[in-house]
Amino acid sequence: MAFPRPRPARPELPRQRMQTLQCGQGAVRAARFNADGNYCLTCGSDKTLKLWNPHKGTALRTYQGHGYEVLDAAGSFDNSQICSGGADKAVALWDVTTGQVVRKYRGHAGKVNCVQFNEEATVIVSGSIDSTVRCWDCRSRRPDPIQVLDEAKDGISSVKLSAHEILTGSVDGRVRRYDLRTGQLYSDYIGSPITSVCFTKDGQCVLAASLDSTLRLLDKDTGELLGEYTGHRSTTYRLDCVLNEQDTHVGCASEDGHVYFWDLVEGSLALSLPVGQSVVQSLAFHPRLPCLLVATQGQVTLWREDTFQPE
């Protein structure tokens, strides 16, 4: 006789502030967890990247090599490399240990808003306000991209990757999904400029944030609108949207200094987290824990669930 599996614990949302990182990088443009969530990267308006242990509040290394603001960064699956994009139109590949730039990829005609590694960290995918997504081979010495996706009619604000797909959000109000196995492009028109996109963990749905102060959950295959989430303010800035580690809640940064979370299924507001006085620049949710990174002005705060007890 098989016993029923225990019901999963009710998901908790991060509500208590655990750490505040005074980054010393000017305005923090993006904060990103690494692949296992033990470390994070912060991108500064002072042209630097910093690597942190946010759980202990310690800065580990500073990376210098961009000629202008750093706008996004990502770590490779094995934590040995970092890719970053900036307002200097360049995409940089870094060696984590030495702190040196391994390669610089130039080809975008405008600032690079978003960068991601593929799963094996053999390709960097970058999106720019020049309306293109470019794919760069990390292993070859080729200066030009291996692929250019130029279907967007306006700047690319957000790029995410799954095992075989590239998801992009653009200022032209469209969410585009490139299926690399079949060579197909799927496009969904939202109408308002997109600021951020992400996949749900199960890969079935896509979440998109746009400048009409609305988050939308779309069925990935049909494009059907499954949910709309409102209550935050997003009219001017490129703000991040996230899903929590269990896919039960969707979250979004807001221009009123809060972070908002909604129940994914019900659409009801579950949490309004007061973070600061000004725009919340960037958000990142931990891959496995109810743990949130929030960037506002020159600092990054780390939040955990109420029941969490630090060691």
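A pocket is here an open set of points on a 1 Å grid over the protein atoms alone, where a 1.4 Å probe fits, with protein on both sides within 12 Å along at least five of seven lines; lining residues have an atom within 4 Å of a point. Grid points are joined across faces, edges and corners, and a volume is the space filled by probe spheres set on the points. The model is predicted: local features need pLDDT of at least 70, side-chain atom pairs count only at pLDDT 80 or more, and totals for chains, interfaces and linings use all residues. Residues are numbered from 1 along each chain as its sequence is written, and side-chain values use heavy atoms, with hydrogens and water left out.

The lining of the largest pocket comprises 39 residues, with Phe33, Gln116, Lys160, Leu161 and Phe285 nearest its centre. Strands (E, DSSP runs of at least two residues, numbered from the N terminus) that each supply at least two lining residues include E2 (28-33), E14 (156-161) and E26 (280-285).

The second largest pocket has a volume of about 470 Å³. Its lining of 24 residues has Leu71, Lys111, Asn113, Tyr237 and Arg238 nearest the centre. Strand E2 gives the largest share of this lining, 3 residues.

Leu239 lies in the loop between strands E21 (225-230) and E22 (241-243). Leu239 and Ser196 are 43 residues apart in sequence, yet their C-alpha atoms are 6.5 Å apart.

Notes
Helix = DSSP H or I, 4+ residues; strand = E, 2+ residues; numbered from the N terminus.
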